[in-house]
Amino acid sequence: MNQNEMKQAAAEAALAFVPDDCIVGVGTGSTANYFIDALPRIQARIQGAVASSEASAERLKKLGIPVYDLNAVDRIPVYVDGADEINHYLQMIKGGGGALTREKIVAEVAEQFICVADESKLVSVLGKFPLPVEVIPMARSLVARKLVLLGGRPVLREGFVTDNGNLILDVHGLSIAEASKLEGEINQMVGVVTNGLFARRRADVLLLGTAAGVKEMR
Ligand code: 5RP
């Protein structure tokens, strides 16, 4: 199996976690896209979806899946999304696609977070993948200076604006031993909308696509 086949196998395995009659939370990225593309198979038994990005909402609508505003939804039993890195505690770095804030919001509402990923995403220490931080545009330099004090090398994601009209700083060079602590520290910085560490709301289940098939980790 190549990397895309592993992503697809993991994403399709997540269908079995979606309960009947629910509104399902849907993430963003190439692995989440495989999940979206498989959703028509269970369309008759779900009400619809809440999307974590405009791109995912568009893809869902094209397939005829009703897309709900999060504010109109009481509960999301399951949220399915990919990750840029995930450790053995199921803490993640997300936001490679720039949708981290909406992903974190939908994940916070969800009762269960199912992470779908290929085996290259499983790491022992988070931080090789640059940590995305969404910032209010006027605070870009202020936040960048504070991230340098934390030992990181922030790089502005050129030519990219989030769905919320903000910028992304990708922070290189962090070796993240205490993910939950760092997540809180960065989120405390004035001008930060959120950062891509998902440690306080980690995944509940990891469906990992491997050469030997899909492994389930909790
Ligand atoms: C988007 C994300 C994605 O889940 C993450 O970037 C993984 O993407 P892919 O499934 O394409 O490898 O956090 O903001």
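Is Ile-136 buried, partly exposed or exposed? With a relative accessibility of 37%, Ile-136 counts as partly exposed. The notes below go through the model, which is predicted.

1. **The surface patch.** Ile-136 sits in the loop between β7 (131–135) and α5 (140–149). Together with Met-138 and Val-193, Ile-136 makes a nonpolar surface patch. The area of this patch is about 310 Å².

2. **Strand β7.** 5 of the 5 residues of β7 are buried, so β7 is largely enclosed by the rest of the structure. Both of its faces are covered. Leu-131, Val-133 and Val-135 are buried on one side. Pro-132 and Glu-134 are buried on the other.

3. **Partners of β7.** β7 pairs with β9 (residues 167–172) through 5 bridges, and the two run antiparallel. Here Glu-134 stands opposite Ile-168. β7 also pairs with β10 (residues 192–195), again antiparallel, through 3 bridges. In that pairing, Val-133 has Asn-195 as its bridge partner.

4. **The six-stranded sheet.** An open sheet is built from 6 strands. Their order is β2-β1-β3-β6-β12-β13, and the pairing is mixed. β2 (48–51) and β13 (213–217) are the edge strands. Each has a single partner strand, so one side of each is left without a neighbour in the sheet. From one strand to the next, the twist averages 25°.

5. **Two pairings inside that sheet.** β1 and β2 run parallel and share 4 bridges. Gly-25 faces Val-50 of β2 across this pairing. β6 (residues 110–118) and β12 (residues 205–210) are also parallel, with 5 bridges between them. Asp-118 has Gly-209 in β12 as its bridge partner.

6. **Faces of β1.** Ile-23 and Gly-25 point one way from β1. Val-24 and Val-26 point the other way. All of these residues are buried.

7. **Val-73.** This residue belongs to the loop between α3 (54–62) and β3 (76–81). Val-73 and Glu-119 are 46 residues apart in sequence, and their C-alpha atoms are 33 Å apart in space.

8. **Positive phi values.** Most residues other than glycine have a negative phi. Asp-21 is not a glycine, yet it has a positive phi of about 65°. Leu-90 is also not a glycine and has a positive phi of about 65°. Asp-21 lies in the loop between α1 (3–13) and β1 (23–26). Leu-90 lies in the loop between β4 (85–86) and β5 (92–93). Their surroundings are worth checking. Asp-21 is exposed, at 55% relative accessible area. Leu-90 is buried, at 0% relative accessibility.

9. **Salt bridges: Lys-94 and Glu-103.** The whole structure holds 13 salt bridges. One of them joins the side chains of Lys-94 and Glu-103, at 3.2 Å from N to O. Are these two residues buried or exposed? Lys-94 is buried, at 2% relative accessibility. Glu-103 is buried too, with a relative accessible area of 3%.

10. **Salt bridges: Arg-157 and Asp-170.** In this pair the closest N and O atoms are 2.8 Å apart. The pair links distant parts of the chain, 13 residues apart. Arg-157 is in the loop between β8 (153–156) and β9, while Asp-170 is in strand β9. Arg-157 is buried, with a relative accessible area of 15%. Asp-170 is buried as well, at 13%.

11. The side chains of Arg-201 and Asp-204 form a salt bridge at 3.1 Å, N to O. Arg-201 is buried, with a relative accessible area of 16%. Asp-204 is partly exposed, at 26% relative accessibility. Elsewhere, salt bridges with shared partners join Asp-81, Lys-94 and Glu-103 into one network.

Definitions and conventions: Residues are numbered from 1 along each chain as its sequence is written. This is a predicted model: local features need pLDDT of at least 70, side-chain atom pairs count only at pLDDT 80 or more; totals for chains, interfaces and linings use all residues. Side-chain values use heavy atoms; hydrogens and water are left out. Two strands pair if DSSP finds at least two bridges between them. Axes are lines fitted to C-alpha atoms, for helices over the stretch in contact, and angles run from 0 to 180 degrees between N-to-C directions. Patches are made of residues with over 30% relative accessible area and no salt bridge: like charges are joined within 9 Å, nonpolar side chains (Val, Leu, Ile, Met, Phe, Trp, Tyr) within 5 Å. Accessible areas come from the Shrake-Rupley method with a 1.4 Å probe; for residues, only the protein chains shown count as cover. A salt bridge is a side-chain nitrogen of Lys or Arg within 4 Å of a carboxyl oxygen of Asp or Glu. Buried means under 20% relative accessible area, exposed over 50%, partly exposed in between (1.4 Å probe, protein chains only).
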